[in-house]
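Colleague: I am new to this structure and would like to learn how to read it. Could we take the features one by one?

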Amino acid sequence: MDPLVLIFLTSGLFLGWALGANDAANVFGTAVGTKMVKFRTAAIICSVFVILGALISGAGASHTLGKLGAISALPGAFMTALAAAAAVFSMTKSGLPVSTSQAIVGAIIGWNFFSGNPTDSNTLTKILLTWVLCPVLAAIIAVILFKSLKLYSKLFPVHLIRADAYTRIGLIMAGAFGAYSLGANNIANVVGVFIPAKPFPDLVFGTWVFSSTQQLFLMGGLAIAIGVFTYSKGVMMTVGGNLGRLSATAAFIAVMSHSIVLFLFASRGLEAWLAGQGLPTIPLVPVSSSQAVVGAIVGISILQGTSGIRWATLGKIVAGWVATPFAAGIICFIGLFFLQNVFGLVVK
Amino acid sequence: MAPSLNLFGRTKHLEQQIDSFFDKISESSVVYRLAVRVYLKEGANEEFEERLTRVTNLETEADHLRRSIENQLYTNTLIPDSRGDVLGLIETADQLLTKFEGSLWAFSIEKPDIPEEFRHGYKKLTSMVVKASDELCLGARAFFRSPHDVQAYNHKVQLYEKEADMISTTLKRAIFDSDLELPRKLHLREFVEQIDGVADLAEDIADRLAIYSIKRTV
């Protein structure tokens, strides 16, 4: 294999590392921050399920990104992922909430502009609508789950100590599901842009073929897992602290709602089933894990009627929707210009 | 599967210990009432001393349970949201046992000479404070299983505490209106206040319990 391939892949792997470092906190932050689950346990479960989600269900959302812009040259894919990573890094540095999904979409559009490729407006509209739908849907699911759980606990009271044990198991299961959904939905952000370039030959083991795409998903999943192990502990503690007012049960509901939303936007099986029933399908689009969690928490807050909606947080999310893709697009466009004209690489 | 089985085994053991802790308080209140009755009827005889020993043993056993519960809650970082409340409840409930024990020791050591005409008042007062303590125990048990029901028990604790206050006031008035020597009057008043103190403490704990249960139901 050409060693250059690995060098080009580093930008995607870096993006995967950043995703693992930041988004694992959405899945296990409250559980670890409140010491309901040990970090080691959380990190192992998170890593295993992120990789499983990426390998088993990662293709759906990746396909949509491919439709937005099929980057067939590796240097182009490298710069697209690097631009997204740079946008994520700089936005994080300036304290703005950021989503790798929004960064990668902006970077792909930047590549489209540079290479003169038309951007599929249908796909783009679908993606933009999904970003608004994601936190709203998470809030609705959180409200339904919260009401159901409250009714259930009133009808079937459980001893406080036993309820604590159930909550711990619930948090671990919701975290595993969340990690699976995160891998399934967000692996597209990490390695999706490299898929059309087919950087690896297919590996054949008897009747079983380990395709280039699957190899990319595995590498991306491993990068996310390394991000979880090396950097997410601090973020988890911060998330646990920030969301300190949430009870363990509310945290379970927030993680569960987030996970359901990410799963809905990644499941090909569900899409096929809905289509089979003649129902409208849910677009398979990479969505923001952080915004799903915030949406769920806002839903719970509205229901509890304590603090209502945090307008400042919502304002920041909207700012993120606009600023992140623009920043990534511009960085990508400038980067591609340099790659092509200074280093003489083929980027389109 | 081993960790989750272990988790439920641990959980069950802790639930039993908490139940057992409140059993000790309920049992102490029954023995306390019987001990005071014996004293009022026959003085500090052998049966009274046996009952005092029983309350002392119950207090020691409850102390062991309290320490074990506190230890498990902290070392296994259980119920992070309600840990402080549960520890507060168990520690204050433990003071009820100390009150029962202290009151019986006072009877045993000071041997107050209670005139016949006041004995019924002491008996009624004891019965009322024990009722307040019993309702508190029921409320505390409900806090762990169905916090919505705590309010009903707390309401009864308040009723019995008010009733105990009325009985103690009447009793003290009767004592000071009598022809007894002042030191004896003061001595008898001291015992009225000691018994009434059980209901006062039960009411204080019920007030805390009300807040703890509101926090759990929100």
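Colleague: In which helix is the place of A:Trp311?

Modeller: Please keep in mind that this is a predicted model. A:Trp311 belongs to helix α12 of chain A, which covers residues 311-341.

Colleague: Is A:Trp311 buried or exposed?

Modeller: A residue counts as exposed when its relative accessible area is over 50%. A:Trp311 has 64% relative accessibility, so it counts as exposed.

Colleague: How far apart are the C-alpha atoms of A:Trp311 and A:Pro280?

Modeller: The separation is 32 Å, for two residues that lie 31 residues apart along the chain.

Colleague: What should I look for inside the chains?

Modeller: In soluble globular proteins, nonpolar side chains tend to be buried together. Here the largest nonpolar core has 93 residues. The residues with the most contacts inside that core are A:Phe28, A:Ile104, A:Val105, A:Val193 and A:Phe194. Another core, of 67 residues, lies apart from it and includes B:Leu73, B:Tyr122, B:Leu188 and B:Leu201.

Colleague: Which residues is A:Phe194 in contact with, leaving aside its neighbours within four places in sequence?

Modeller: Among them are A:Phe8, A:Leu9, A:Leu74, A:Phe78, A:Pro199 and A:Leu216. A:Ser11 and A:Gly12 are also in contact with A:Phe194.

Colleague: How many helices and strands does the secondary structure of chain B come to?

Modeller: Chain B has six helices and zero strands. Its C-alpha trace spans about 75 × 35 × 20 Å along the principal axes. Of the 218 residues in chain B, buried ones make up 50%. Among contacts in chain B with a separation of 6 or more, 81% join residues 24 or more positions apart.

Colleague: Why does B:Ser133 count as buried?

Modeller: The cut-off for buried is under 20% relative accessible area. B:Ser133 counts as buried because its relative accessibility is 0%. This serine lies in helix α4 of chain B. Leaving aside neighbours within four places in sequence, B:Ser133 is in contact with B:Ile25, B:Ser29, B:Leu96, B:Phe100, B:Val198 and B:Ala202.

Colleague: What about backbone angles?

Modeller: Most residues other than glycine have a negative phi. B:Lys111 has a positive value, with phi near 40°. B:Lys111 is found in the loop between α3 (83-110) and α4 of chain B. With a relative accessible area of 49%, B:Lys111 is partly exposed.

Colleague: Now the interface. How many residues does the contact take from chain B and from chain A?

Modeller: Chain B gives 25 residues and chain A gives 18 residues. The area buried between the two chains is about 1800 Å², and carbon and sulfur atoms give 68% of that area. B:Phe8, B:Glu15 and B:Ile79 supply 25% of the area that chain B buries against chain A, more than any other three residues.

Colleague: Which residue forms a salt bridge with A:Arg162?

Modeller: The partner is B:Glu15, and the closest N and O atoms are 3.1 Å apart. The count between chain B and chain A is one salt bridge. Three residue pairs are in polar contact across this interface.

Colleague: Which elements give two or more residues to the side of chain B that touches chain A?

Modeller: They are α1 (2-42), α4 (116-145) and α6 (182-217) of chain B. The most comes from α1(B), with eight residues. By class, that side of chain B has twelve nonpolar, eight polar and five charged residues.

Note on methods:
Residues are numbered from 1 along each chain as its sequence is written. Chains are lettered from A and ligands numbered from 1 in the order in which they are written. This is a predicted model: local features need pLDDT of at least 70, side-chain atom pairs count only at pLDDT 80 or more; totals for chains, interfaces and linings use all residues. Side-chain values use heavy atoms; hydrogens and water are left out. A nonpolar core is a set of buried Ala, Val, Leu, Ile, Met, Phe, Trp, Tyr and Cys residues joined through side-chain atoms within 4.5 Å. Buried means under 20% relative accessible area, exposed over 50%, partly exposed in between (1.4 Å probe, protein chains only). Contact means heavy atoms within 4.5 Å. Buried area is the accessible area (1.4 Å probe) that two parts lose on being put together, summed over both. A salt bridge is a side-chain nitrogen of Lys or Arg within 4 Å of a carboxyl oxygen of Asp or Glu. A polar contact is a pair of N or O atoms within 3.5 Å; within protein, one must be able to donate a hydrogen and the other to accept it, and residues adjacent in sequence count only if both atoms are side-chain atoms. Helices (H or I, at least four residues) and strands (E, at least two) are DSSP runs, numbered from the N terminus. Ala, Val, Leu, Ile, Met, Phe, Trp, Tyr, Cys and Pro count as nonpolar, Asp, Glu, Lys and Arg as charged, and the others, Gly among them, as polar.
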